[in-house]
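User: I'd like a close look at one part of this protein, the spot that the database record marks as the active site. Could you walk me through it in plain words?

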Amino acid sequence: MLSLHPARKRKKHTARQPIKVGLAIAGGGPIGGMYELGALRAIDEALDGLDLTRLDCYVGVSSGAFLAAGLANRIGTEEMCRGFITGTSDDISFRPETFLRPNVGEYLRRMARLPGLSLAWSRRLLNNPARALRWSELMSRFGGLVPTGLFDNRALEHFLRDVLTRRGRSNDFRTLDTDLFVVAVDLDTGEAVRFGEPDWDDVPISRAVQASAALPGLYPPVEINGRHFLDGALRRTMHASTVLDRGIDLMIGINPLVPFDASRGPRRSGEAEQIGLAGGGLPAVLSQTLRTLLQSRMQIGMEKYPHQYPDIDQLVFEPNAGDSELFFTNLFSFSARQRVCELAYRNTLADLRERADALRPVLAAHGLRLREEIVSDPQRSILDSLSPAPPRSTEATARLRRALDDAEHIADSAKRRRRRAPSTRGVV
């Protein structure tokens, strides 16, 4: 589903003032991240003139922060697909099990408190048995033994740090060629913090992404500068205003979680019965609740943004409400990543195809156009979009390729500026 909000009054640009594009990527757990990757791959292929690794501003939340950090470091969607989907990348070595290691250290630290708590409770039991056996009393005394997260998220930080400190990339916000913001929420105050802004730009990108992706219950809070941070989606869904405030001309947003409309989705074996999602039990109810809360907050913001930013074109991509395949896939599973990525890729191309007439003038205003041969092919697969894996690169050859890419980009930018510049021939 594509939400298109054309600018009411676009800014005028000269050859010396190029069009500025921003990207906002929401969170959604591992499966949400894979949906976003599929959508990004489709956008990357279908929009001629757009380079997702050379945008002017990025903001990422939770799993979206993971992708935004990669794009800001010029890791393209094709390379990401090779790393996370096909396993044919010589750069990104992705092993799902490293992201799902039990949080053993915290389990042991908290269980070490059990003898002392048990002794204090035993004394309470002798003095006041009725009160000591109350459920509220038991939760108050022993609730602190429950870990803050099932899995250890240090592996995520180690993985991203390794990727961002090789091949000419940077794990430092301050040395990037573009603006990158990663949003997390302070556990003790509820304040949203944008890593990458002044006072928070000295935090390593990998550490900021670890904090932003610390989904409560799944991963523990991340301590940075004496404060504990959780998933940035707790405050807002997409934090699109972060890029809208940067003076951009076009915003592209991706939100992977929307409520499922059970009346529109096809039925498959094992899914909730016709009586409704309640037939799917607690997992289905919690999933629908989370999706509804996240999307409703985002819709409130998106309704305001066309009025607050009337000179910015806004495109937001989301799944279809009837995508039962996406809804009934475990949000925290990596095993379905290729299937979800494929679904997102096809959905996004279908959205671009169906809204092509309305999109063309908006894209043209920013020097972009639809690649008709890509958009018009309903059978196209995400695997069709991947070229054969290039020869294996060493650190030196990867840096050389990056330098050559920089030189080519500078030359292409100069050509575009000359084409846009007004002609002075014949002027005396």
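Is D231 buried or exposed, and what is its relative accessible area?

Analyst: Bear in mind that this is a predicted model. D231 is buried: its relative accessible area is 4%, and the cut-off for that label is under 20%. You'll find D231 in strand 8, which covers residues 227-231.

As for the record, UniProt lists S62 and D231 under "active site", in an unreviewed entry.

Now for the partner. S62 sits in the loop between strand 4 (57-61) and helix 2 (63-72). S62 counts as buried too, because its relative accessibility is 5%, again set against the cut-off of under 20%. The side chains of D231 and S62 make a polar contact at 3.1 Å.

What else is around them? Leaving out neighbours within four places in sequence, S62 is in contact with G27, G28, S212, A213 and D231. With residues up to four places away in sequence not counted, D231 touches V61, S62, V185, A211, S212, A214, L215 and P216. S212 turns up in the list for S62 and again in the one for D231.

To put that spot in the setting of the whole chain: there are 16 helices and 11 strands, and 50% of the 428 residues count as buried. Contacts between residues 24 or more positions apart make up 78% of those with a separation of 6 or more.

The chain has 9 aromatic pairs. In one of them, F84 and F159 have ring centres 6.3 Å apart and planes at 55 degrees, so the pair is tilted. That pair links distant parts of the chain, with F84 in helix 3 (residues 77-86) and F159 in helix 8 (residues 154-164), 75 residues apart. F84 is buried at 6% relative accessibility, and F159 is buried at 12%. F159 also pairs with F94: the centres are 6.5 Å apart and the planes are at 75 degrees, so this one is edge-to-face. F94 lies in the loop between helix 3 and helix 4 (104-111), 65 residues from F159, and is buried at 13%. Together with F66, these residues F84, F94 and F159 form one aromatic cluster.

Definitions and conventions:
Residues numbered from 1 in each chain as written. Predicted model: local features only at pLDDT ≥ 70, side-chain atom pairs only at ≥ 80, totals over all residues. Heavy atoms only, no water. Phe/Tyr/Trp six-rings, centres within 6.5 Å; stacked < 30°, edge-to-face > 60°. Helix = DSSP H or I, 4+ residues; strand = E, 2+ residues; numbered from the N terminus. Buried < 20%, exposed > 50% of the residue type's maximum accessible area, 1.4 Å probe, protein only. Contact = heavy atoms within 4.5 Å. UniProt positions renumbered as here; feature names shortened; annotations may be inferred. Polar contact = N/O pair within 3.5 Å; in protein donor to acceptor, adjacent residues only side chain to side chain.
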